[in-house]
Amino acid sequence: MTPVEQRISLTSSNPILSRPQFGRRGGQKTAARDPRAGIAVVRDRIRAGNDWERADADEAAPLPVLVGDLMTMDGVLPRAAAALAVTALTAVLSWTLLPLAALGAAASYGVAAGAGLLAAALVVVQRRRNPPSASPALAFAALQGVFLGVFSTTASSHLSPGLFVQTVLGTMAASAALLLARALHWMRVNRRLYGVAGAALLALGLLGLADWILLPLMGADGLGLRPLGLGIVMGVVGVALGVSFLPLHFRQVENGITYGVSRDQSWPAAFGLTLTLVWVYVETARLLTLFPGEELY
């Protein structure tokens, strides 16, 4: 009897990037089947203008695709960076301007829950209706920043001031570093690991820079830097989470590019990458609950 192979899936369950547009589940979805896409050219010409991995390209269907209005990583990255900037700004404003201590824990959790529910509603709208515009992505980014800012501060108050603030800063720093690494083409064929390692080092530098900039506004306690060792550890944990999961999300966007997704999906793709800042915690919880034998093939 043939042994049953057990394995844990390494694909992300990001609800935006797991849609059929960014993969071949449920049948191939390519621009070749979209009459709005423009003129047809061979797939190799499209690959020449985009930094895709050969392994991904070889898995694509050998059909010619259409290039009239296709999504590219160069179009997705600036949008994702803008959404990340909105999230970071609203999180910092939540940390520095909202009187969370005066509101009390119950009211603060209520603010975080309200922002989280509105953000979740936008995720549902983006997944089901797929509006190809900036408004849902940027609105989600702002709500995500409020949720992360308020929740991290309130939850930290029960353990150590600013403890989870460092974790959130770490994931933001990792996201910014990976976006920059991808824009600088550090992650290429046969050296993706080196690119991720370089992005991790860059993220640690960005985390230190963020702490230095925010220190006059939030103080050492607000940033979780006292006790020093625990704050540093939580910041490194945030960086590790970010560099572990965001490359998986990049791969899903790259799959969509390989399969010829139209350019109007650039904002939804940026939405999915922005969702990573919250989804890394969801994925971590999901992985911690996995056990051998959950997936049998």
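The questions and answers below go from the whole chain to single residues.

Trainee: How many helices and strands does the chain have?
Mentor: Keep in mind that this is a predicted model. Read along the sequence, the pattern is β-α-α-β-α-α-α-α-α-α-α-α. Counting the symbols gives 10 helices and 2 strands.

Trainee: What percentage of the residues in the chain is buried?
Mentor: A residue counts as buried under 20% relative accessible area. The chain has 297 residues. The buried ones make up 46%.

Trainee: Among contacts between residues at least 6 apart in sequence, what share joins residues at least 24 apart?
Mentor: A contact here needs heavy atoms within 4.5 Å. For this chain, the share that joins residues at least 24 apart is 84%.
Mentor: One case of such a separation in sequence is Leu246 and Leu178, 68 residues apart along the chain. Their C-alpha atoms are separated by 7.6 Å.

Trainee: Which element gives the largest share of the largest nonpolar core?
Mentor: This core holds 53 residues, and Met71, Phe250, Val253 and Leu273 touch the most other members. Elements giving two or more residues to this core include helix 3, helix 8 and helix 9. The largest share is 10 residues, and it comes from helix 7.

Trainee: How many residues of helix 7 are buried?
Mentor: Helix 7 has 21 residues and reaches 31 Å from its first C-alpha to its last. That is close to the 30 Å expected at 1.5 Å a residue. Helix 7 is mostly covered, and its buried residues number 17.

Trainee: Is His185 buried or partly exposed?
Mentor: Buried means under 20% relative accessible area, exposed means over 50%, and partly exposed lies in between. His185 has 27%, so it is partly exposed.

Trainee: Is Asn130 buried or exposed?
Mentor: Asn130 lies in the loop between helix 5 and helix 6. Its phi is also positive, near 55°. The relative accessible area of Asn130 is 14%, and the cut-off for buried is under 20%, so Asn130 is buried.

Trainee: Which residues does Met71 contact, leaving aside its neighbours within four places in sequence?
Mentor: Met71 is one of the core residues that touch the most other members. Its contacts include Phe22, Val76, Gly256, Ile257 and Arg263. Another core residue named with Met71 is also in contact with it, namely Val253.

Trainee: How many cavities of 30 Å³ or more are there?
Mentor: A cavity is a space where a probe fits but cannot get out. Rolling a probe the size of a water molecule over the atoms shows where empty space is left. For this chain the count of cavities of 30 Å³ or more is 2.

Trainee: Which element gives the most to the lining of the largest cavity?
Mentor: The largest cavity has about 70 Å³ of space. Its lining includes Ala80, Leu84, Ser175, Leu246 and Leu273, and the residues divide into 6 nonpolar, 2 polar and no charged. Helix 3, helix 7 and helix 10 give two or more residues each. The most, 3 residues, comes from helix 10.

Trainee: How far apart are the C-alpha atoms of Ala81 and Leu180?
Mentor: Ala81 is found in helix 3, and at 35% relative accessibility it counts as partly exposed. Ala81 and Leu180 are 99 residues apart along the chain. Their C-alpha atoms are separated by 8.8 Å.

Note on methods:
Residues are numbered from 1 along each chain as its sequence is written. This is a predicted model: local features need pLDDT of at least 70, side-chain atom pairs count only at pLDDT 80 or more; totals for chains, interfaces and linings use all residues. Side-chain values use heavy atoms; hydrogens and water are left out. A nonpolar core is a set of buried Ala, Val, Leu, Ile, Met, Phe, Trp, Tyr and Cys residues joined through side-chain atoms within 4.5 Å. Buried means under 20% relative accessible area, exposed over 50%, partly exposed in between (1.4 Å probe, protein chains only). Helices (H or I, at least four residues) and strands (E, at least two) are DSSP runs, numbered from the N terminus. The expected span of a helix is 1.5 Å times one less than its number of residues. On a 1 Å grid over the protein atoms alone, a cavity is a set of points where a 1.4 Å probe fits but cannot get out, and a pocket is an open set with protein on both sides within 12 Å along at least five of seven lines; lining residues have an atom within 4 Å of a point. Grid points are joined across faces, edges and corners, and a volume is the space filled by probe spheres set on the points. Ala, Val, Leu, Ile, Met, Phe, Trp, Tyr, Cys and Pro count as nonpolar, Asp, Glu, Lys and Arg as charged, and the others, Gly among them, as polar.
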